[in-house]
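Subject: Structure handover

Hello,

Here is the structure we spoke about, with notes to read alongside it.

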Amino acid sequence: MSRIGIHWFRKDLRLQDNESLQALAKSVDHVICVYIHSSQNLSPDIEYSLCKHEVKGNHRKRFLRESLDDLNKSLEALGQTLIELDEQHSVVAALVEMVKANNISAISCEWHCGFNERAQWEVLKESLPDLEFIQCNSSSLYDQSGLPFPLDELPDTFTPFRKKVEKRSTRRPICLHVGSLPPPYSMKETSSRAKKENKESQPHYPLLVGGESAAKRQLDYYLWDTDLLSNYKQTRNGLDGWDFSSKLSAWLAHGCISPTTVADAITEYEHQRTKNDSTYWLFFELLWREFFHWQHVKNGVSSFDKAGPKQLEITSHFDQSKYDDWCNGTTGYDIVDACMKQLNQTGFMSNRGRQLVASCFVHELNLDWRYGAAYFEYQLIDFDVASNYGNWQYLAGVGADPRGHRQFNLVKQTEFYDPSRQFIQQWLVK
C-alpha cells in the first residue's frame, strides 16, 4: 500500500535548505504540499479590537502571495503543486480533516520558534497519535542541541549569548536544494480550499517582491554584484533607499531563504572578496535574530506579556487618540511621523526608524508597547514574531536590554541621522 505524506508549509516557503521536506520525500510514495491561510493573530495577549485593524496588512499579504506563487512555480517544475487552504478558525482541524479523508501516513513541517506555531504542532500530534510526524529545524543557525547551554539557562541579554555561541557552537549544516519529490496525490477536496486573491498592493521598492527566486537575486545583488556588504557597517543606519542594508529580513521572515544560506554566503564572500567589520556585522545581525528566536522559545507566552518575562511593573496604558496619531504619522515628532508614513505606504521601515518610533510610543506617548508591536505585526512585510516582540520588549524596558527602559532623544537622533531633513521632507509631504 502506498504511503502518502503531507508537507505543511508555514515559514519555509523554499526548496533550498528545507530539511523537513527532504526527510518526508524519502519516507513516502506520494506527497501533498499544502499551505493554510489563517487570520489568527500571533499574540495571545492583545485586544485587537482596540487596534481597529486586521492582523495582516496589504503589504504582507502581497509579499506572501508572491512568495506562494514562486513556491508553486518551483514545485510544478518537480511535478508537484501547492494546495492552499483557507481556515478562519482552526488550522489543526483543517489538517486533521485532510489526514482522515486521504489516508495520510506521515506529515512534515519545519520547526519554528513561534509560540503559536509550536503549540499547533503539539495539538496536531495529540489529535493524530497514529500518524508519523517529521519535524526538522532549518529556520535557525544552530540546533537547540548545539547551543552551549540548556534552554532554561539561555542568557537573558545578547552579549553573553553571542560570546558563548561564537566560541563554542557550530552552525548546523545546510540542507541542499530539493531536486526531486515523489509524485502528488489526488486528494479528496476539503471544505476550506482557498481562492487565490489578487495582489493587495504594489511594492514601493521594486526589488522587494516575495519568493525564493527574489531572495536569491537579492543575496547575489548585495554580495556579489555590488559588494555592498563590504560597507554594511557604515551604511546600516540609513533611513531610506535600497542599498544601505541587505533587505533580506523580509525573505527570512517568510522562510524564502534560510539564515544558514545567508551565513554561508557571507563566509564564502569573506573567502573570495574581503573580510572586514562590515561582513562580520551582517552575521552579527543574524546572531541577534538567533538570540530573539531562542529567547522566544525560552520565554513562551511571556514574550507577549506587558510586564515581560521578568514581570517588571510598568505604568503605560492604551489611549486610542494617541495610538491613532502614532499609526497615522501625526504625533508632531517629525522623524517619527516620517517613519510611520513610510511604513504605511511601503510596509518597510529601517532598523533605526523602528527604534525611534518605538521609543516615542513607549516614552513620549506612554503607551502600552504591545499595541505598537501589534501594529508592526500588521504593517511590516518582514514581520517576525520573535524579533518583533523581542525588540519591543527591549525598548519598553521589560525585555533583553540590561540597561532597561531605553529612550532616544528624538531631536538629537534627527540631527544625526537626517541632518538635512531630506528624509522627513520626502515622507511628510506625501
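This is a predicted model: local features need pLDDT of at least 70, side-chain atom pairs count only at pLDDT 80 or more; totals for chains, interfaces and linings use all residues.

Residues are numbered from 1 along each chain as its sequence is written, and side-chain values use heavy atoms, with hydrogens and water left out.

Aromatic pairs

The structure holds 35 aromatic pairs. Rings of Phe, Tyr and Trp (its six-membered ring) pair if their centres lie within 6.5 Å; planes under 30 degrees apart count as stacked, over 60 as edge-to-face and the rest as tilted. One of the pairs is Phe158 with Trp288, which is stacked, at 4.0 Å centre to centre and 15° between the planes. Phe158 belongs to helix α6 (residues 158-168) and Trp288 to helix α11 (residues 277-299), so this pair ties together parts that are 130 residues apart in sequence. Helices (H or I, at least four residues) and strands (E, at least two) are DSSP runs, numbered from the N terminus.

Trp288 also pairs with Tyr394: the ring centres are 5.9 Å apart and the planes at 90°, so this pair is edge-to-face. Tyr394 lies in helix α16 (residues 385-396), so the pair ties together parts that are 106 residues apart in sequence. Both Trp288 and Tyr394 are buried, as is Phe158. Buried means under 20% relative accessible area, exposed over 50%, and partly exposed in between (1.4 Å probe, protein chains only).

Enclosed elements

In strand β3 (residues 82-87), five of the six residues are buried, so the strand is largely enclosed by the rest of the structure. Helix α15 (residues 369-379) is also largely enclosed, because 10 of its 11 residues are buried. Among the buried residues of α15 are Trp369, Arg370 and Tyr371.

Salt bridges

There are 14 salt bridges in the structure. A salt bridge is a side-chain nitrogen of Lys or Arg within 4 Å of a carboxyl oxygen of Asp or Glu. Arg370 forms one with Asp368 (2.5 Å, N to O), and both residues are buried. Asp156 forms another with Lys298, the closest N and O atoms being 2.7 Å apart. That pair links distant parts of the chain, with Asp156 in the loop between β5 (132-134) and α6, and Lys298 in helix α11, 142 residues apart. Asp156 is partly exposed at 34% relative accessible area, and Lys298 is partly exposed at 26%.

Regards
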